[in-house]
Every structure is written in C-alpha cells, then in structure tokens.
Amino acid sequence: MPRKKLKHFAEIKTFGNTFETPEEKAKISWKKYFGNKNPIVLELACGRGYYTIALGEKFPNKNFIGVDIKGHRIWSGAKKAFDAKMKNVAFIRHYVDELKSYFEKDEVDEIWITFPDPFPPAGKAKKRLTSPKFLEIYRKVLRPNGMIHLKTDNENLFKYSKKTMEDFCCGNEKCGFKMEEVLHDIHAKKPVPELLQITTHYEGMFIEEGRKINYLRAISLVDKTCSSGKTLRKAIKRTAKTTKKKPSKTSKGKS
Ligand SMILES: C[S@@+](CC[C@H](N)C(=O)[O-])C[C@H]1O[C@@H](n2cnc3c(N)ncnc32)[C@H](O)[C@@H]1O
C-alpha cells in the first residue's frame, strides 16, 4: 500500500472525529459525542466528505455524519473538519451495510445518498444503495417521517431508486416511502433550489462533463401493522422484475 495512504489511515485515528468500528462507537452515544440532541443527518457514500462539511457549515443546528468505506477519501473530509474545529461533523469509515451497528432505531432524521455507484449489471442490483436491502436498513435507523434525499447523474439508477422506493411496501399508503419531490436536471433550473446549490466532488465533475443531475426526496412512513419481513420479500421480488433490463454505464464506479 502506498506510504501516503498508510500515513492518512494512521492520521485519521488522531482526529477524534472518525469512527472505524462499531466497538469504538459503542463507547459513546451520538448525543454525548456532539454534546447536544440536535437532529442527525447522514451522508452515505460521502467520498471525501466535502458535502457533509458544507451541510454542517450551512446548518449549525444539525449534526452531520459522512459514511464511506474508503479511508483515504474520508481522510480529506475528516482533516478539513478537524482543522476547522467543526463540532457538528463526524465520519464513519465503514460499509453502509453496517449502519445498524452505529445507530439506534429511529435515531436518524435525514439521509443523503449522493452519487452512489450505479452497479449497472442486474446481478449487482443488491449492491445499489437504494436496493430494498438498503432501504430496509434505512427504515430501521430513520425516525418515522424521516427523509431520504438522493442525488445522481445516472438516469437508470434514478428510475430504479424511485420505483424501488415507491414499490417498497405492500401497497399500504401509510407505509414505505412517499415521494415528496422529484427534480430532473436540477442545475438547469433558475434559480437552483437553495438546498441543492451545494455540490459534491463528483457532482462538480459531472456538471463540467455536461451531465444532468437528478434529485428526489422521499419520506419514510411506518405503519406498525405492516410486517416488514413479508414486505421486504415482496419488494425484492418486485425489484428483481424491474432490474432485468441492464442500466447503461453512464456513471463512474468506484475509483
Ligand atoms: C461515486 S463516489 C461518490 C462520492 C461522493 N458522494 C461525491 O459525490 O463526491 C461513490 C462512493 O460510494 C462509496 N461506497 C459504495 N458502496 C459503499 C458501501 N456499501 N458502503 C460504504 N461506501 C460505499 C465508495 O467508496 C465511493 O467513495
């Protein structure tokens, strides 16, 4: 492994703002860590975490946590937040799959999923961060009526995500995900909605390449009379049918 990466991995541990294992996180609650009960907002697949930081600067009364598996990317954001002494920003260097080990039920208020890898082959649909497997994880940690925001340049992933969220439950209108806003080509809108003016690292590159950026916001509705196991199995079956057609490779994958 390059020496620079090893140096960054060692340095991350000294910042005190990045959790790398559930055991490390279990030693302190988020309330204690942040020193307040402010709403918790996650950015999943945060990469370098600059979006997490920008949101933290814009909304000082909320706590922001960026999650990504790639340590050398997380290092960039963690260092920036550490140098700026930001008290409302933290990072988790782990797989999103393990979110339940870092958060209690209903502990999270909002989730941003920014430019997730599209995983185009139908056989890899389960890895998409908006697949039923992940939506089920989000519903566990999100409070009822909590929000999911998605930003992506990939049309097929956008369609897939919207449909997967809409189909998530067993047809019960009080359960699953309710679309609040669906916007295509957000940077063509004048003025760009204020919340969407902040761009991520990849978003900046995609805009330069002339790609259109799409956004959706959905609310997580929970009806306790729904059996989520049954719901999930149904959702997975429905999604399998919709993923037979392969999304084209318009987005960059892991780098
Ligand atoms: C295309 S990059 C986007 C980075 C950032 N959101 C941006 O817009 O600049 C996708 C990121 O997702 C992360 N990722 C993909 N699957 C993941 C998973 N299951 N858990 C954690 N991170 C994941 C990758 O490590 C990568 O940094």
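**Group meeting: a predicted chain with a ligand**

The chain folds into 9 helices and 8 strands; helices here are DSSP runs of H or I with at least four residues, strands are runs of E with at least two, and both are numbered from the N terminus. This is a predicted model, so local features need pLDDT of at least 70 and side-chain atom pairs count only at pLDDT 80 or more, while totals for chains, interfaces and linings use all residues. Residues are numbered from 1 along each chain as its sequence is written.

I start with the chain as a whole. Of its 255 residues, 38% are buried. Buried means 20 or more other C-beta atoms within 10 Å of the residue's own, exposed means 12 or fewer, and partly exposed is in between, with C-beta atoms placed from the backbone. Among contacts with a separation of 6 or more, 80% are between residues 24 or more positions apart; a contact is a pair of C-beta atoms, placed from the backbone, within 7 Å.

Next, the core. The largest nonpolar core holds 49 residues. Such a core is a set of buried Ala, Val, Leu, Ile, Met, Phe, Trp, Tyr and Cys residues joined through C-beta atoms within 7 Å. Which residues have the most contacts inside it? They are Leu42, Leu44, Ile65, Ile111 and Ile113. Take Ile65: leaving out neighbours within four places in sequence, Ile65 contacts Ile40, Leu42, Ala90, Phe91 and Ile92.

Now the ligand. It is surrounded by 20 residues, and the closest are Ala45, Gly47, Thr200, His201 and Tyr202. To be counted as near, a residue has its C-beta atom, placed from the backbone, within 6 Å of the molecule. Helix H8, residues 201-208, supplies the largest share of this shell, with 3 residues. By class the shell has 8 nonpolar, 4 polar and 8 charged residues. Ala, Val, Leu, Ile, Met, Phe, Trp, Tyr, Cys and Pro count as nonpolar, Asp, Glu, Lys and Arg as charged, and the others, Gly among them, as polar.

How do helix H4, residues 50-58, and helix H5, residues 71-83, cross? Their axes come within 8 Å and cross at roughly 30 degrees. Axes are lines fitted to C-alpha atoms, for helices over the stretch in contact, and angles run from 0 to 180 degrees between N-to-C directions. H4 and H5 are therefore roughly parallel to each other, as angles under 35 degrees count as roughly parallel, over 145 as roughly antiparallel, 65 to 115 as roughly perpendicular and the rest as oblique. Tyr50, Thr52 and Ile53 in H4 meet Gly77, Lys80 and Ala81 in H5. This contact of H4 with H5 has 3 nonpolar, 2 polar and 1 charged residues.

Last, some loop residues. His94 sits in the loop between strand S4 (89-93) and strand S5 (108-114). His94 is buried, with 20 other C-beta atoms within 10 Å. Not counting residues up to four places away in sequence, His94 touches Glu20, Val67 and Ile69.

Phe119, in the loop between S5 and helix H6 (132-141), has a positive phi near 40 degrees. Is Phe119 buried or exposed? Phe119 counts as buried, with 21 C-beta neighbours inside 10 Å.

Finally, Lys190 and Pro191 are joined by a cis peptide bond, with omega about -5 degrees.

Conventions:
Two residues are in contact if their C-beta atoms, placed from the backbone, lie within 7 Å.
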